[in-house]
Amino acid sequence: MGVDRHTIEHPSNVIVRWPIRADGTEGRWRVSADGIRELIEKGYIRLGRARGDQTTIQYISRGEVKKVESGVFKIKGHRDDGSLEVQDTEYIPTVVPGTQWNIKSHDASVNGALMIRSLIPRRTFPFPKSLYAVEDCLRFLIKSKPNATILDFFSGSGTTAHAVMRLNRQDGGRRQCISVTNNEVAAGEQTSLRKSGLRPGDPDWEKWGICDYITKPRIAAAITGKTPDGKDIKGDYKFTDEFPMAEGFEENAEFFTLTYETPVAVSHNRAFARIAPLLWMRAGSEGRRIDAIPADGWEVADTYGLLTDLDKASAFCKAVEAKGTIRIAYIVTDDDRRFQSVTRHLPDAVEPVRLYESYLTNFRFSMGR
Ligand SMILES: C[S@@+](CC[C@H](N)C(=O)[O-])C[C@H]1O[C@@H](n2cnc3c(N)ncnc32)[C@H](O)[C@@H]1O
């Protein structure tokens with residue numbers, strides 16, 4: 001303290017490395033001299049590329065030391081400088097990751113903003129995250145869960161859905177992603193739209209909303225490998241794997257708009273077309289969807305069936321059993337007794353759901369006064 005560092009003498013065969021901050025002022029090391037000696041002895045510290053008094057000194061944090069000592073990271077051997085080499089490729093995390101990761105691929109400007117520019121040219125979104133940063137976060141949690149469902153309820157530019165596609169491609173997984181966003185128009189844009197006499201809800205207003213202008217086209221571009229103009233996306237993915245973005249992915253995506261439906265319209269089966277996607281999603285968002293009230297009073301898709309005319313219950317139950325892949329039977333009736341009697345004829349593995357009682361209970365967000 002209080003001594004000019006240039007006046008300190010040191011042996012001639014030693015390079016002195018001072019803790020100098022980027023602005024040139026003197027900082028202080030975070031590890032004491034004894035702490036450093038211990039790190040050297042255990043092989044937890046090493047020097048970066050030789051750059052004289054600018055050479056970086058790398059050491060592993062206490063959290064990482066614990067992982068080595070508890071055997072989470074297997075020791076492969078020692079480098080020539082005595083530092084440890086650990087094997088972490090098969091590492092399936094059992095601990096919460098640290099709060100700071102310093103990884104180049106996580107750079108949001110290159111792998112967030114520029115990535116969006118390649119996928120949907122000329123459309124900008126403020127501060128999209130790096131695709132690879134989101135991918136790494138997800139990998140931490142769902143690497144060993146190939147059938148996981150990921151819910152992203154503020155999906156913005158759709159980075160999470162895109163990262164899920166990449167993870168699936170890497171290990172043949174069938175993870176699903178539910179991306180939810182509003183369709184807000186950026187504040188600056190709103191002012192000019194208002195000046196042209198437009199209001200929220202007008203098609204010429206809504207088309208500039210985040211969902212229609214960014215989220216949906218970005219997800220579509222990632223899957224198809226084409227920009228909204230139908231051109232091949234330029235550039236390659238460059239991370240744990242490398243391949244042209246124009247190759248796209250094998251995924252499917254469905255886009256729905258959330259609407260408000262009155263309980264009366266729902267309970268009288270008058271809102272069926274708008275409720276149809278919810279029934280399909282509750283059954284796993286797989287296979288065919290029943291989009292209209294079945295003319296025969298019942299219908300069986302791939303993962304669920306719908307019975308609207310209880311006089312046809314016998315044919316319906318037989319078809320459900322024959323199909324073998326049905327998870328849910330939706331039964332439209334006000335009569336609880338009849339509902340119970342149909343459920344007795346369904347296979348045990350099929351969950352009976354009464355419409356619209358269940359619908360109105362599950363999806364109601366105002367419980368009245
Ligand atoms: C910070 S951004 C998410 C960024 C995203 N993770 C990415 O990397 O692109 C948050 C998003 O949530 C949306 N949002 C805000 N309020 C919302 C609400 N009440 N319901 C649904 N989405 C909303 C905004 O439109 C915005 O796009």
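This is a predicted model: local features need pLDDT of at least 70, side-chain atom pairs count only at pLDDT 80 or more; totals for chains, interfaces and linings use all residues.
Before anything else, a note to myself on terms: helices here are DSSP runs of H or I with at least four residues, strands are E runs of at least two, and both are numbered from the N terminus.

**Entry 1: Glu-41**

Is Glu-41 buried or exposed? I looked up its relative accessible area and got 71%. Exposed means over 50%, so Glu-41 counts as exposed.

**Entry 2: the ligand**

Next I went to the ligand and listed what surrounds it. Phe-125, Lys-129, Phe-154, Ser-155, Gly-156 and Ser-157 are among the residues there, and the list also includes Thr-159, Thr-181, Asn-182, Glu-184 and Ile-210. Sorted by type, this shell has 3 nonpolar, 6 polar and 2 charged residues.

Which side chains put a polar atom by an oxygen atom of the ligand? I found Asn-182 at 2.7 Å and Thr-159 at 3.0 Å. Lys-129 has a polar side-chain atom too, 3.2 Å from a nitrogen atom of the ligand. I also looked at how covered the ligand is: taken alone it exposes 600 Å², and the protein buries 67% of that.

**Entry 3: strand 11**

Then I turned to strand 11, residues 328-332. How many of its residues are buried? I counted 5 of the 5, so the strand is largely enclosed by the rest of the structure. In a regular strand the side chains alternate between the two faces of the sheet. I went through strand 11 face by face: Ile-328, Tyr-330 and Val-332 are on one side, Ala-329 and Ile-331 on the other, and all are buried.

**Entry 4: the strands paired with strand 11**

What does strand 11 pair with? One partner is strand 10 (residues 304-307), running parallel to strand 11 over 4 bridges. Here I noted Leu-306 opposite Tyr-330. Another is strand 12 (residues 351-355), also parallel, joined to strand 11 by 5 bridges. On that side Val-332 has Leu-355 as its bridge partner.

Last, I traced the chain between these strands. Strand 10, helix 11 (residues 313-323) and strand 11 form a right-handed β-α-β unit. Going on from strand 11, helix 12 (residues 336-343) and strand 12 complete a β-α-β unit with it, and this one is right-handed too.

Definitions and conventions. Residues are numbered from 1 along each chain as its sequence is written. Side-chain values use heavy atoms; hydrogens and water are left out. A residue is near a molecule or strand if one of its heavy atoms lies within 4 Å of it. A polar contact is a pair of N or O atoms within 3.5 Å; within protein, one must be able to donate a hydrogen and the other to accept it, and residues adjacent in sequence count only if both atoms are side-chain atoms. Accessible areas come from the Shrake-Rupley method with a 1.4 Å probe; for residues, only the protein chains shown count as cover. Ala, Val, Leu, Ile, Met, Phe, Trp, Tyr, Cys and Pro count as nonpolar, Asp, Glu, Lys and Arg as charged, and the others, Gly among them, as polar. Buried means under 20% relative accessible area, exposed over 50%, partly exposed in between (1.4 Å probe, protein chains only). Two strands pair if DSSP finds at least two bridges between them. A crossover is right-handed if, with the strands pointing away from the viewer, the path from the first strand over the helix to the second runs clockwise.
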